[in-house]
Amino acid sequence: MAVEVWGPVFSLAGVALGGGLTALSQRATQRSAERSEERRQAVAATEARRAEQMQTIKEFIACAQDAERAAYSRPEAWGDDEGWRDRASATMTSLWVAERHLVLLCEPVVRAPVHAYGRALNQAVWREIGDTEVNEHLEEHKTAFMTAARASLASL
């Protein structure tokens, strides 16, 4: 009788061991797939954030270029061209909005340089720079901003 019992017991133990190993294998495979999906989602989120930052930087650069253009086209005699003043005011408003977007979306390293560049552009547009040439006044601030923007994008 003892021999008759051992056969089914070994068989049952084999089935239980096989089932346990199969369950363990499936669980390990599932966890691996979940980790891969999490990594894929993290990479996708990083790429989307970088694209959003890149677009915001491009928009700020376009607004900065418009502000430079306004600074160069300013009439010598203040008040001679009301249309210029209205356009310049709208340009500076767009620049300040773009600057706020950068502050919200980019790394903290960009905050001070973008604000300094915006102030320098504002001074150039409204001729608060004395006899200094516009490009000479802006160059240092523009370079600092571009360096910070590159650092912000590289950190992602």
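Good morning. Asp-66 and Arg-69 stand 3 residues apart in helix H1, a separation of about one helical turn. Helices here are DSSP runs of H or I with at least four residues, strands are runs of E with at least two, and both are numbered from the N terminus. The model is a predicted one, in which local features need pLDDT of at least 70 and side-chain atom pairs count only at pLDDT 80 or more, while totals for chains, interfaces and linings use all residues. Residues are numbered from 1 along each chain as its sequence is written, and side-chain values use heavy atoms, with hydrogens and water left out.

Let me stay with that pair. Asp-66 forms a salt bridge with Arg-69, and their closest N and O atoms are 2.6 Å apart. The term requires a side-chain nitrogen of Lys or Arg within 4 Å of a carboxyl oxygen of Asp or Glu. By this rule there are 4 salt bridges. Asp-66 is partly exposed, at 34% relative accessible area, and Arg-69 is partly exposed at 47%. For these words, buried means under 20% relative accessible area, exposed means over 50%, and partly exposed lies in between, with a 1.4 Å probe and protein chains only.

Helix H1 holds another such pair. Glu-37 and Arg-40 lie 3 residues apart in H1, about one turn of the helix, and their side chains meet in a salt bridge of 2.6 Å, N to O. Glu-37 is partly exposed at 34%, and Arg-40 is partly exposed at 47%.

A further salt bridge joins Arg-100 to Glu-99, with the closest N and O atoms 2.8 Å apart. Is Glu-99 buried or exposed? Glu-99 is buried, with a relative accessible area of 4%, whereas Arg-100 is partly exposed at 47%.

The axes of H2 and H3 come within 10 Å and cross at roughly 175°. Axes are lines fitted to C-alpha atoms, for helices over the stretch in contact, and angles run from 0 to 180 degrees between N-to-C directions. H2 is therefore roughly antiparallel to H3, a label for angles over 145 degrees. Among the residues making the contact are Trp-84, Trp-96 and Glu-99 of H2, and His-115, Asn-122 and Val-125 of H3. Contact means heavy atoms within 4.5 Å. By class, this contact has 10 nonpolar, 3 polar and 3 charged residues.

His-115 is partly exposed, at 38%. Leaving aside neighbours within four places in sequence, His-115 is in contact with Trp-96 and Glu-99. Val-125, not counting residues up to four places away, touches Ala-67, Ala-70, Ala-71, Arg-74, Trp-84, Ala-88 and Met-92.

Val-125 also brings us to the core. The largest nonpolar core has 28 residues, and those with the most contacts inside it are Phe-60, Val-125 and Phe-145. Such a core is a set of buried Ala, Val, Leu, Ile, Met, Phe, Trp, Tyr and Cys residues joined through side-chain atoms within 4.5 Å. The elements giving two or more residues to this core are H1 (2–72), H2 (82–105), H3 (111–125) and H4 (134–154). Which helix gives the most? H1 does, with 7 residues.

Finally, I turn to a loop. Arg-127 is found between H3 and H4. Arg-127 has a positive phi of about 55° although it is not a glycine, and is partly exposed at 29% relative accessibility. Thank you.

Conventions. Angles under 35 degrees count as roughly parallel, over 145 as roughly antiparallel, 65 to 115 as roughly perpendicular and the rest as oblique. Ala, Val, Leu, Ile, Met, Phe, Trp, Tyr, Cys and Pro count as nonpolar, Asp, Glu, Lys and Arg as charged, and the others, Gly among them, as polar.
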